[in-house]
Amino acid sequence: MRTLTKLSAASAAPDRAGEEYAGDTKGVDAKRLDKKAAQRHESAIKHVTGQAAYIDDLPAPANALHIAIGLSPLAHGRLERLDLDPVRAMPGVVDVISFHDVPGHTDIGPVFHGDPIFVENEISYAGQCLFAVAADSHDAARRAAKAAIIEIDEQPASLDPVAATEKNDLVRPTHVQQSGDWQQSLSNARHVVSGEQFIGGQEHFYLEGQACLVTPSEDEGVVVHTSNQHPSETQKLVAEVLGIPFHAVTVEVRRMGGGFGGKETQASPWACIAALIARRTQRPARLRLSRGDDMRLTGKRHPFHSRYRLGVDDDGVIQGGDMTLIGDCGYSPDLSEAIVDRAMFHADNAYSLGAARVTGHRARTHTASNTAFRGFGGPQGMMLIEQAMDDIAHRLGEDPLTIRKRNLYRHGRETTHYGQEVEQLDLLHSLIGQLESSSDYWARRAEISAYNARSPIIRRGLALTPVKFGISFTAKHLNQAGALLHVYTDGSVMINHGGTEMGQGLHTKVCQVVARELGLELSCVSISATRTDKVPNTSPTAASSGADLNGQAARDAALKLRERLFAFALETLWPQAGLKLGDLQLKGGMLMAGSGEGKYRIAWGELVQAAYIGRVSLSAQGFYSTPLIHYDREAAKGRPFYYFAYGAAVSEVAVDTLSGEYQVTRVDILHDVGDSLNPAIDIGQIEGGFIQGMGWLTSEELKWNDAGRLLSDGPATYKIPAFGDLPATFNVELLEGHPNSQASIYRSKAVGEPPFMLAISVWSALRNALASLAPDGQCPRLDTPATPERVLMAIAAMQDHGDKGPAGHPREDDAHVQA
Amino acid sequence: MIDFHFNGEPHSLAGLPADISVLELLRLRLGATGTKEGCASGDCGACTVAIGEPDGHGGLRYHNANACILPAHQLKGRHLVTVEGLARGDALHPAQAAMVDCHASQCGFCTPGIVMSLFTLYEASSHESGGQTATLAPYSQARLEAALGGNLCRCTGYRPIRDAAQAMLAYPADQHRPTWTDNQQLSDQVAASHQEDPADDGHYHRPNHLAELFALRRDHPSARLVAGATDLWLERTQQLKELPELIDLCNLAELQVLEEHDQGLHIGAAVTYARLEPVFETHFPAFARLLHRFASSQIRHRATLGGNVANASPIGDGPPVLLALDASLLLESPEGAREMPAQDFFLDYRQTALGAQEVLREIRLPWLTEGRQLKVWKLSKRREDDISAVLGAFSWQLEDGRLRDVRLAFGGMAAIPARARGAETALEGQPPSEAAFAAAKQALDDDFQPLSDVRGSSAYRRLAAANLLERLRLKIVTDTSQGANTPNTPAMEVMLDAYAD
Ligand SMILES: Cc1cc2nc3c(=O)[nH]c(=O)nc-3n(C[C@H](O)[C@H](O)[C@H](O)COP(=O)(O)OP(=O)(O)OC[C@H]3O[C@@H](n4cnc5c(N)ncnc54)[C@H](O)[C@@H]3O)c2cc1C
Ligand code: FES
Ligand code: FES
C-alpha cells in the first residue's frame with residue numbers, strides 16, 4: 001500500500017491574509033466539499049509521477065514503424081499527379097500508401113458519406129490527407145513525406161460560408177424550427193431589434209495530439225491503441241477499411257491527454273491508416289501527428305455567422321421573431337447535422353422566444369471538416385440570443401440583467417420553440433437570484449458606472465449570463481450504454497464500461513458508483529481500459545453523457561450482481577435465518593442483515609469466496625437506455641433532452657481603450673449539477689470549461705490566408721489561455737438543494753459541456769465596457785474571438801462614427817485582413 | 001562524450017548526433033516517457049524538465065527548461081531532473097502531493113511539465129529561505145506567472161494549479177524530497193563532469209575562447225552557431241532541417257561577461273535573459289518589466305540577448321529596446337573587433353551587418369542619465385508567452401518642459417526593428433502637448449507600412465502604434481502632474497494593472 005501525504009489542501013495552505021496573495025478563490029475550499037464524494041482522480045498519482053501512459057509512451061517492439069501523413073498544399077482542385085517514388089526512395093522508408101492501396105471502404109465518413117481516407121481526385125481543403133508513409137523513425141517518416149511530387153489543377157476555394165449558403169452549397173439540408181406565427185409577432189411588436197455576429201471557430205488543442213499504435217494480430221486482425229472518444233466507431237471503420245469483420249478488430253483506450261470532442265470522429269482516420277500499414281507490413285505501426293499537422297488535418301469548432309430580428313414589448317420582453325444560424329461545416333458533413341441542430345436547440349438559451357422561427361444552415365467550405373467540440377453547437381446558438389439581450393437592454397435603456405430576467409422561461413412561457421417543456425423553472429430563477437446577490441451585482445454595477453464616468457481610458461464592464469443546456473444525444477439511438485462487472489475471488493472488483501477517460505473523471509465517478517452499490521471502499525474497485533471486446537457497440541463519450549449513461553449501466557451491473565449475492569445468502573449462507581431480501585445490505589465491506597441476536601455478518605471477501613465455491617456467477621453485464629426522449633425532425637418538435645443543466649456566471653472586465661487590451665478581473669459562478677457525484681471533479685469541469693470558453697471568445701484566433709491555408713497552426717500563433725488569464729478572483733459554487741427532477745444517476749447532472757457557455761459572460765462584459773463609449777441606445781458589435789485587435793477596432797469604429805478617430809488618420813476598412 | 005547527471009545518477013553518453021534534443025534523448029534513448037511532447041516548439045511546457053547548474057557556492061541551482069528545444073549536448077556538466085525523479089519511493093515531493101490534493105490534474109498530459117515548474121519554484125524558494133519553506137509568505141501573482149506562464153493546461157483552467165503552488169510550501173520536506181537531495185557530493189560531481197574532457201563531442205563543438213571559436217569555424221565552415229537554441233532549434237523541430245554540425249557559444253568566456261562600466265552596461269552576447277533580469281531591474285526597470293512578458297521562464301533561462309539580436313526578427317522584443325537606448329554592438333572576427341550602433345545592424349528582413357566570419361560579442365547599453373526615461377510596451381493577443389504584434393520602446397528627456405533626444409523604436413511595424421524618424425522629429429524640442437503628439441501620430445503613418453499577418457492586420461498595427469504614442473503623452477502628463485494631485489482625486493488610470501510598466 002502507498003503511504004501518501006495525507007494533507008488536505010485547505011489545512012496545508014498557508015495563511016492567506018498576505019496582501020500579495022495571488023488569487024482569491026472561495027469556490028474550492030476543500031472543507032466545504034463532501035470529502036467522501038470528492039475523491040481524487042483515479043490516475044492523479046500516476047499523473048504527477050509521470051507513470052500515466054499515453055499512446056506515444058506505450059512500449060512497442062523495436063521493429064515498429066512510424067507513420068507520417070502527406071498533406072495537400074492547396075485548398076481546392078484536382079489531383080493531377082501524385083508521384084510517391086521520391087518518397088519511397090527516402091532513407092528509412094518501408095511503405096507508402098495512397099487511395100488505391102485501400103482494400104476495403106475508402107469513405108470513412110462517420111454518419112454520412114463524404115470523408116475519403118485519402119484523396120482520389122478532388123482536393124477539398126489545404127491539409128487534406130493525400131498519402132501516408134511508414135518509416136523506421138518518426139523524423140524519417142516526416143522528412144520523407146515532404147518528398148512527394150504533387151501536381152494539382154488548382155480551383156478557386158470557397159471560403160465564405162454566407163456566400164455558400166446563398167448558393168445553396170450545403171453539406172446537409174437546412175432545418176427549420178418554428179413556434180407560432182413569428183411574422184405576426186414581428187409586425188405587431190412595439191420594437192424590432194436586430195443584429196448579426198460572426199463567431200470564430202476553435203482549435204481543440206488537446207495537449208496530447210492525435211495518436212495511435214496498431215499491432216497486427218492473428219487471423220488477419222488488428223489491435224488498436226488509440227487516443228479516442230469513440231472506440232466502437234473506430235473499430236467499425238478500421239474493419240471496413242481493411243475489409244474484415246468487426247470482431248477481428250479490438251480497440252483499446254486507457255486515457256486521452258484531452259479530447260474535448262476533437263477525438264470523437266477525427267481520431268479514426270489515423271487508426272485506419274495505421275491499421276492498413278500494420279496489415280501490409282505485418283509490423284506494429286505508430287501514428288502520432290505533429291502539432292502542426294494535427295491543426296491542419298483535423299476539424300475544429302464550427303465558426304458561425306448568425307443574425308436575428310426580434311419583436312419586443314416596452315418592457316423588453318420578446319414576443320417572437322426570426323433567427324438564422326449559418327454553421328461553417330468545412331468540406332464534409334461529419335457531425336454537422338447534429339451540431340447545427342444543437343445550435344438551433346440552444347438559440348433560446350434560458351429565454352422564451354415566443355412565436356419564433358429558427359433556421360439552421362450547414363454551409364460547405366474548403367476547410368477541414370468542422371466537428372464536435374464541447375458544447376457541440378450549443379455555445380454558438382446561445383451567443384446570438386445573448387447578443388440580443390444586450391442589444392434590447394441598450395435600446396430600451398435598461399440594465400441587461402433586468403432584460404435577461406424578464407425573458408427567462410417562466411410559468412406560462414415554459415415551452416421551447418421545438419416543443420419541449422422546460423422543467424425546474426424555480427431552480428433557474430433562484431439560481432440567478434442567488435448569484436445576483438452573492439456577486440453583489442447591483443452595487444458593483446453602480447460603482448462601475450461611476451468609475452466609467454470619470455475614467456477616459458480604462459473602462460469596466462459587468463455582465464451576468466445564464467446557461468440552460470439540454471442533456472442527451474440528439475441522435476436518439478446513441479443514448480445507450482453497457483458495462484461489464486467482474487468480481488474476482490479475492491474480492492477485488494473490475495468494472496469496464498463503454499465510456500472513455502479524457503481527464504473528465506468519468507472512470508473515477510463510475511468506480512464510485514460501483515463502490516457505493518457494493519458497499520466497498522473505492523480502492524477495491526478498479527477500471528482497466530475501455531475495450532471493444534469487453535463492452536461492444538458503445539456510443540461516443542460525448543454530449544456530457546459519460547457519467548449519466550455509463551454510471552447507470554455500471555449501476556445496473558452492480559445491482560444484478562448484488563441480487564445474485566443476496567439470493568445466494570438467503571438460500572445457501574443463512575437459509576435458516578428467515579431473512580427477506582429487504583433485510584440484506586452491503587455496507588462497509590460487509591454483507592449484513594438483522595440486528596441484535598438475529599445479526600448476520602459476512603465480510604465481502606468471504607462472501608465472494610463462498611459464492612464462488614457455491615458456483616454463483618461473479619460477472620455481470622449492465623445496460624442502460626435513456627427514457628422519455630424523442631424528436632420528430634419532420635415536425636421539428638419533440639423532447640430531445642432528458643433534462644436541462646443550468647448555471648450562471650457574472651464576469652467583470654477592465655478594458656484599455658487605447659490598446660484594446662483587457663483583463664477579466666473577477667468571475668462568480670453558480671452552477672447546477674443536481675446532487676453531485678463528485679464535487680471536486682465537478683468544480684474542475686466548471687472551472688476548466690469556463691476558462692476554455694473564455695479562450696474561445698477572447699484570445700483563440702484561427703486565421704486562414706486568402707487561399708484557404710491555415711496560418712495559426714501551432715501554439716506560437718494560436719493562443720489558448722495561459723496561467724495569468726485565470727481571473728484574480730474566481731468564485732465557483734455548486735447549487736445546493738436541487739436534485740435532478742429526472743431519475744438520473746443518483747439525481748446528479750451532466751457537467752462536461754454546460755459550464756463552457758458560462759464564459760459568454762466575459763464577452764458580454766466586454767461589450768458592456770465598450771457600450772460605455774457608445775452613443776445612448778447602442779451596444780457595439782463585437783465579433784469573436786474578441787482579441788485586443790477586435791476590441792480596439794470596435795472602439796475605433798464607434799469613434800469614427802462619432803467622426804473623431806483617436807489616431808486621426810485614414811485606415812483600411814477591413815479590420816481583419818488575412819495575410 | 002556528454003557527462004551529466006540524470007535524476008541523481010551519473011550518465012555518460014557518446015556518439016550522439018549534434019542535433020538531438022533532450023526530449024528525444026529521454027523518450028527515445030533513455031526510455032523515460034514521463035516527459036511529454038505537446039508541440040515541440042517551446043510553447044506548451046509539456047516537456048518541461050529541471051536543469052541543475054553549480055551555483056558557485058557549492059550547491060546546485062535549478063531552472064526549468066523546454067526539453068523539446070534543448071540540445072542534449074547542453075546537458076554536459078548539468079543535473080537533469082525529470083518527473084520520474086522527484087518522488088522518494090511512494091512519498092511524493094511536495095509539488096506532486098499538492099497537485100494531487102488540490103485536484104490539479106485532469107487529463108494529466110500537462111501535469112509532468114507543471115510539476116517540474118512547481119519543483120523549480122519550490123527549490124528556488126527553499127534555497128531562498130534556507131530550507132524553512134513553511135515560514136515563507138504566499139507567492140505573489142507576479143511570481144507565479146513568472147514560474148508557470150510557460151505551462152499550458154487545456155483542462156483545469158489553472159485555479160487548482162494556483163492553489164497547489166501556494167499549498168506546496170506547507171508540506172513536510174523531510175523524506176519527501178528525492179533521495180539524491182541527500183547526496184552531499186552531488187553538486188561537486190556535477191561540477192566535475194563539466195570540467196572533464198573538454199575535447200570532442202563529434203559534431204557538437206564547445207569552444208571556451210574566441211580564438212578556439214575562430215579556429216573551429218575555419219575548420220567547419222558550414223557549422224551553425226548556437227546559444228540558447230530557442231530560435232535555432234525550431235528549424236529542427238518545425239522545418240525538419242538537420243543541424244549536423246553545431247558550435248555552442250555558451251562556454252565562451254568573452255560572451256559571458258556582464259560588467260558595469262562608466263559608460264554603461266556591457267552584456268556578453270551569450271548571457272541569458274534570466275541572468276539579465278535582476279540587473280535590468282536595477283538599471284533599466286522598463287526593460288525588466290518587458291521580460292515578464294517575454295516568452296516564459298523556461299525560455300528566458302536559455303534564451304540570450306545576443307541570440308535575440310543576431311536572429312534579427314522584426315518582432316523580436318529586445319532589439320527595439322536597444323534602439324531606444326541607443327545601444328551599440330561589439331562584433332568580432334579573426335581580423336579584429338568593431339563597435340557599431342545597434343540601429344545600423346539591422347539591414348533588411350532578417351539581414352544584418354554581421355560578416356561571415358564575425359560573431360556578436362557584446363551588447364553595450366549606455367546608462368540612463370539623470371532625467372532620461374524609458375518605456376517599453378508590448379501588444380499581443382495573450383499577455384503571457386506571446387510574440388508581439390507591435391512593440392513600442394520609447395526614450396526621452398524632459399528639459400524645461402520640452403522633449404529632448406526623443407527615440408521612438410518599434411517592433412512589428414516594418415521588416416526590421418526600426419525607429420520612427422518622422423514621429424521623433426515631430427516631437428523633438430516640443431512640449432508634450434496634444435498638438436505635438438497629433439503631429440507625431442500623423443508622421444508615424446508615413447514612417448511605417450506594416451504588414452497584415454497572423455498576429456494582426458496592418459490597420460490594427462497602425463492604430464495601435466499611434467495609440468501607444470497617445471499613451472506615452474498621457475504617461476508624461478500624469479507623471480509630471482503627479483504630486484500636484486490632491487489625495488482625494490484619484491489619478492487617471494492610463495493602463496491596466498496587469499500591463500503596467
Ligand atoms: C516559446 C518561445 C517564445 C518566445 N518568445 C519570445 C518573445 O516573447 N520575444 C522575443 O523577442 N523572442 C521570443 N522568442 C524567440 C527567442 O527566444 C529569442 O529570440 C532568443 O533571445 C534567442 O536567443 P537564443 O540564445 O536562444 O538564440 P539561438 O536560437 O541560439 O540563436 C538564434 C540565431 O542567432 C545566431 N546567434 C546566436 N548568438 C549569436 C552570436 N553571439 N553571434 C552571431 N550569431 C549568433 C544563431 O546562429 C541563430 O541563427 C521565443 C521563442 C520561443 C521558442
Ligand atoms: S513540447 Fe511543447 S514546449 Fe516542448
Ligand atoms: S490536465 Fe489536461 S492539459 Fe492540463
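## Close-up views of a predicted two-chain model

View 1. Strand 18 (residues 493–497) of chain A runs parallel to strand 19 of chain A, and 3 bridges join them. Look for A:Met494, which stands opposite A:Ser526 in strand 19 of chain A. Two strands count as paired if DSSP finds at least two bridges between them. Strands (E, at least two residues) and helices (H or I, at least four) are DSSP runs, numbered from the N terminus.

A word on reading these views: this is a predicted model, in which local features need pLDDT of at least 70 and side-chain atom pairs count only at pLDDT 80 or more, while totals for chains, interfaces and linings use all residues. Residues are numbered from 1 along each chain as its sequence is written, and chains are lettered from A and ligands numbered from 1 in the order in which they are written.

**View 2. Strand 11 of chain B and its two partners.** Strand 11 (residues 328–333) of chain B pairs with strand 12 (residues 336–341) of chain B in the antiparallel sense, over 6 bridges. A hairpin of 2 residues links strand 11 of chain B to strand 12 of chain B. Strand 11 of chain B also pairs in the antiparallel sense with strand 15 (residues 359–366) of chain B, this time over 5 bridges. Find B:Leu330 here: B:Glu339 stands opposite in strand 12 of chain B, and B:Glu362 stands opposite in strand 15 of chain B. As a reminder, strands of a sheet pair through backbone hydrogen bonds, either parallel or antiparallel.

**View 3. Where chain A touches chain B.** This contact takes 96 residues from chain A and 95 residues from chain B. Residues are in contact if their C-beta atoms, placed from the backbone, lie within 7 Å. Elements giving two or more residues to the chain A side include helix 1 (9–12), strand 27 (643–656) and helix 18 (679–697) of chain A. Helix 18 of chain A gives the most to this side, with 7 residues. By class, the side of chain A that touches chain B has 45 nonpolar, 32 polar and 19 charged residues. Here Ala, Val, Leu, Ile, Met, Phe, Trp, Tyr, Cys and Pro count as nonpolar, Asp, Glu, Lys and Arg as charged, and the others, Gly among them, as polar.

**View 4. Inside the largest nonpolar core.** The largest nonpolar core has 392 residues, and those with the most contacts inside it include A:Val238 and A:Ala275. A nonpolar core is a set of buried Ala, Val, Leu, Ile, Met, Phe, Trp, Tyr and Cys residues joined through C-beta atoms within 7 Å. Helix 16 (residues 546–573) of chain A supplies the largest share of this core, 11 residues. Leaving aside neighbours within four places in sequence, A:Ala275 is in contact with residues including A:Val214, A:Val238 and A:Leu242.

**View 5. Buried or exposed?** A residue is buried if 20 or more other C-beta atoms lie within 10 Å of its own, exposed if 12 or fewer, and partly exposed in between, with C-beta atoms placed from the backbone. B:Val406, in strand 18 (residues 402–411) of chain B, counts as buried because 22 C-beta neighbours are inside 10 Å. A:His113 sits in the loop between strand 3 (93–98) and strand 4 (122–123) of chain A, and counts as exposed because 12 C-beta neighbours are inside 10 Å. A:His113 and A:Pro333 are 220 residues apart in sequence, yet their C-alpha atoms are 7.6 Å apart in space.

View 6. The peptide bond from A:Thr784 to A:Pro785 is cis, with omega near 0°. A:Phe205 is not a glycine, but has a positive phi of about 45°; this residue is buried, with 26 other C-beta atoms within 10 Å. B:Asp400, also not a glycine, has a positive phi near 50° and lies in the loop between strand 17 (390–399) and strand 18 of chain B.

Note on methods: Contact = placed C-beta atoms within 7 Å.
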